[in-house]
Amino acid sequence: MIRTPFPAPPPEGGAVTVAPGVLWLRLPLPMALDHVNVYALDDGDGWTIVDTGFDTTRARAIWTDLRAGPLQGRRINRVIGTHHHPDHVGLLGWFMDTDGAELLMSRTAWLTARMLTLDEQAIASPQQVDFWRKAGMPAEMLDKRAAARPFNFADVVHPMPVGFTRLTEGDIVTFGQRRWRVAMGHGHAPCHATFWSLDDDLVIGGDQLLASISPNLGVYPTEPAADPVGEWLESCARLSTLAREDQLILPGHKLPFTGLPFRLRQMTENHHAALTRLTAALAVAPRTAVGCFDLLFKRRIGDGEFGLALVEAVAHINHLHRAGVIQAVGENRGATLWGVTGGQVSAIAEKTPN
């Protein structure tokens, strides 16, 4: 079972001690998921920071308070980016500039974050618009988004200087006066680093290991045929070999928790159930990816959530397509319609991926 031994998050500018020399901090985000967890680990002569929040005026002010308060004005020795998403890497470059901090990330995460920070776009690309259209975005929303300036990493991510220390699967790294085994997860983000303490029961999970919400598994125009759902399921199975009930998981969002073996099974079962619902519905009538929102999310998707819902719907479609369960059966106003291969409801149980 899942337990949350720290029921209240740290206040803004404050910290909660979750283990000797390990501080849980929290930075605000201007979205529905309104926070990101970051961690400061005492190195003796300074700190290691894991993830950072966005680069905003407010976030910098909070970090200034944190550094003067819980971090006692001591130097930041190194910063670690668990994965490339902007709420986790926004201020990595800032700490490198201010403290000369060493940066640790996977090569894929570093390359992706730096590329996206440098790739500033004034309007959506033709590939982006075509991707939205094929997924079934409504015409009015498509026209509006095609004409608007898209979100750019550079809006909330400080420039990242050249130079980093690469993390790879199976590495043993030392920070926070502990040795940590690096294990990579995939699906939510490529080469997402998680850290498993060899000296106590701590695990730094980033967004790969969350207690009460499911990480977004998205497909994007950069790789429209990707299968992040398959990568996610493989990662859950592989990480389960490291999981124990007593480990305290320090996640990227929500509350620290124990009960990781149960949570990994739960997340896996949730996606299998979604794939089964999707397959059953597509055996009855073809749908676009956007037309599958009700099957995947079981709630109304508002404009603010639409983009994340779309990329996750495409991810589940891609997984079933790659497995040979469904195929493109036509289109409607440029949107691809998907149906079960051969139209045989009897084949669903056998062909839905496990």
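In which helix do Asp130 and Arg133 lie, and how many residues apart are they?

Reply: Asp130 and Arg133 both belong to helix H5 (residues 126–135) and are 3 residues apart, about one turn of the helix. Helices (H or I, at least four residues) and strands (E, at least two) are DSSP runs, numbered from the N terminus. The model is predicted, so local features need pLDDT of at least 70 and side-chain atom pairs count only at pLDDT 80 or more, whereas totals for chains, interfaces and linings use all residues. Residues are numbered from 1 along each chain as its sequence is written, and side-chain values use heavy atoms, with hydrogens and water left out.

An α-helix has 3.6 residues a turn, so residues three or four places apart point the same way. The side chains of Asp130 and Arg133 form a salt bridge, at 4.0 Å from N to O; the term stands for a side-chain nitrogen of Lys or Arg within 4 Å of a carboxyl oxygen of Asp or Glu. Asp130 is partly exposed at 31% relative accessible area, and Arg133 is partly exposed at 32%. Here buried means under 20% relative accessible area, exposed over 50%, and partly exposed in between (1.4 Å probe, protein chains only).

Arg133 also takes part in the packing of H5 against helix H6 (139–147). Two packed helices are described by the angle between their axes and the distance between the axes. For H5 and H6, the axes come within 10 Å and cross at roughly 165 degrees. Axes are lines fitted to C-alpha atoms, for helices over the stretch in contact, and angles run from 0 to 180 degrees between N-to-C directions. The two helices are therefore roughly antiparallel (angles under 35 degrees count as roughly parallel, over 145 as roughly antiparallel, 65 to 115 as roughly perpendicular and the rest as oblique). Val129, Trp132 and Arg133 of H5 make the contact with Leu142, Arg145 and Ala146 of H6, where contact means heavy atoms within 4.5 Å.

H5 and H6 each supply at least two residues to the largest nonpolar core, which has 55 residues. Such a core is a set of buried Ala, Val, Leu, Ile, Met, Phe, Trp, Tyr and Cys residues joined through side-chain atoms within 4.5 Å. In soluble globular proteins, nonpolar side chains tend to be buried together. Phe293 and Leu310 touch the most other members of the core. Apart from neighbours within four places in sequence, Leu310 is in contact with Phe131, Trp132, Ala135, Met137, Val290 and Phe293. Other elements that each give at least two residues to this core include helix H7 (228–239), helix H8 (260–284), helix H10 (303–322) and strand E14 (335–340). A second, separate core of 33 residues includes Ile62, Leu66, Trp110 and Phe153.

H7 and H10 also pack against each other: their axes come within 7 Å and cross at roughly 80 degrees. That makes H7 roughly perpendicular to H10. In this pair, Pro228, Val229, Gly230 and Leu233 of H7 meet Ala315, His316 and His319 of H10.

Asp155 pairs with Arg149, with the closest N and O atoms 3.0 Å apart; Asp155 is partly exposed at 35% relative accessibility, and Arg149 is partly exposed at 42%. Asp200 pairs with Arg178, with the closest N and O atoms 2.6 Å apart. This pair links distant parts of the chain, 22 residues apart: Asp200 is in the loop between strand E10 (192–197) and strand E11 (202–206), and Arg178 is in strand E9 (residues 178–185). Asp200 is partly exposed at 27%, whereas Arg178 is buried at 7%. Salt bridges that share partners also join Asp43, Arg78 and Glu102 into one network.
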